[in-house]
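Let me put the structure up, and then we can walk through it together.

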Amino acid sequence: MAANESHYTLPLPKFEKPVRLLIVVAPYYKDIADNLVAGARAVAAAAGAAADVIEVPGALEVPAAIATASRMSNYDGFVALGCVIRGETTHYDTVCNDSSRGLMLLGLEGVALGNGILTVENRAQAEVRADPAGQNKGGGAAAAALHLVALSRKWAGQSKGVGFLPLGETIRIAQDDKGPTRA
C-alpha cells in the first residue's frame, strides 16, 4: 500500500530574486480546497515566495485560468488545486483526464506549474491527501511549481544557437549593409 511507503522529497529551492506564485483553486469541495490552499501557502512562504489565490468554478477551468494568467500576468509559477471525487457517471473520467491534460500541455509549453488537483475514489482519500499535516498534496504542488521556477530561472537567457550555427558564430544576412551580427 502506497500510504505506508516512505518517499524522498527534494529540499525547497533557494531564490535570489522574489518569486510570485498564483494558486488557482476549484473550491467545489470547499473544506478540501481550503486545506490544499493552506498547504500550498505554507510551502510558498517557507521558500520566501509570495502567493496569490484565485478561485474558478471547477477543475476543468483551472488550466484555462493558468493559461490566461501565464499570457497576461507576471507570475513566475502556478499551483493548480482542486478535488475530483469519483461519482456514478463517466464525468469523473472526463474531468480528471482533461484537466490533467490541459495542465500537462501548459507545462510542456514552459509554464512552471505544480498539479495538486486530487483525483480520488472517495471523500476520506481526499481528506487525507489535502490535510497539510497529512499528505499535504497542496504543499507538494507548490513545491513542484517552485522547483520549475528555479529551473526556468537557471536556464533563462541560455541559447543553443540558431539552427545549425553554434552560439557565438557570425551570421551575415543577405542585403544587410550594417555588417555582421552575432548570434
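Let's begin with one side chain you can find by eye: Tyr-28 is exposed, since its relative accessible area is 64%, over the 50% cut-off. Please keep in mind that this is a predicted model.

Tyr-28 and Tyr-29 pair up through their rings. How are the two rings of Tyr-28 and Tyr-29 arranged, edge-to-face or stacked? They are edge-to-face, with 5.0 Å from centre to centre and 85° between the planes. The structure has 2 aromatic pairs, and Tyr-28 with Tyr-29 is one of them.

Now let's step back to the whole chain. It has 183 residues, and 37% of them count as buried. I count 5 helices and 6 strands for you here. If you trace from the N terminus, the order of elements is β-α-β-α-β-α-β-α-α-β-β. For contacts with a separation of 6 or more, 73% come from residues 24 or more positions apart.

Lys-17 lies in the segment before strand E1, which covers 20–25. Lys-17 is exposed, because its relative accessibility of 61% is over 50%. Take Lys-17 together with Arg-153: 136 residues separate them in sequence, yet their C-alpha atoms are 9.8 Å apart in space.

On to the helices. Two packed helices are described by the angle between their axes and the distance between those axes.

First up are helix H1, residues 30–46, and helix H5, residues 137–155. Their axes are 6 Å apart, and the packing angle is about 40°. H1 and H5 are therefore oblique to each other. The crossing of H1 past H5 is right-handed. Which residues make the contact? From H1 we have Leu-36, Gly-39, Ala-40, Val-43 and Ala-44. From H5 come Lys-137, Gly-138, Gly-139, Ala-142, Ala-143 and Leu-146. Sorted by class, this contact of H1 with H5 has 7 nonpolar, 3 polar and 1 charged residues.

The second pair is helix H2, residues 61–72, with helix H3, residues 91–108. These axes come within 8 Å and cross at roughly 20°. That angle is under 35 degrees, so H2 is roughly parallel to H3. Is the crossing of H2 past H3 left-handed or right-handed? For H2 and H3 it is left-handed. On the H2 side, look for Val-62, Pro-63, Ile-66 and Ala-67. They meet Ser-99, Gly-102, Leu-103 and Leu-106 in H3. By class, the contact of H2 with H3 has 6 nonpolar and 2 polar residues, and no charged ones.

One last stop, for those of you who like backbone angles. Asn-136 sits in the loop between helix H4, residues 123–130, and H5. Asn-136 is not a glycine, although it has a positive phi of about 50°. Is Asn-136 buried or exposed? Asn-136 is buried, because its relative accessible area is 18%, under the 20% cut-off.

That's my tour. Happy to take questions!

How values were computed
Residues are numbered from 1 along each chain as its sequence is written. This is a predicted model: local features need pLDDT of at least 70, side-chain atom pairs count only at pLDDT 80 or more; totals for chains, interfaces and linings use all residues. Side-chain values use heavy atoms; hydrogens and water are left out. Axes are lines fitted to C-alpha atoms, for helices over the stretch in contact, and angles run from 0 to 180 degrees between N-to-C directions. Helices (H or I, at least four residues) and strands (E, at least two) are DSSP runs, numbered from the N terminus. Angles under 35 degrees count as roughly parallel, over 145 as roughly antiparallel, 65 to 115 as roughly perpendicular and the rest as oblique. A crossing is left-handed if the near helix is turned anticlockwise from the far one by less than a right angle, and right-handed if clockwise. Contact means heavy atoms within 4.5 Å. Ala, Val, Leu, Ile, Met, Phe, Trp, Tyr, Cys and Pro count as nonpolar, Asp, Glu, Lys and Arg as charged, and the others, Gly among them, as polar. Rings of Phe, Tyr and Trp (its six-membered ring) pair if their centres lie within 6.5 Å; planes under 30 degrees apart count as stacked, over 60 as edge-to-face and the rest as tilted. Buried means under 20% relative accessible area, exposed over 50%, partly exposed in between (1.4 Å probe, protein chains only).
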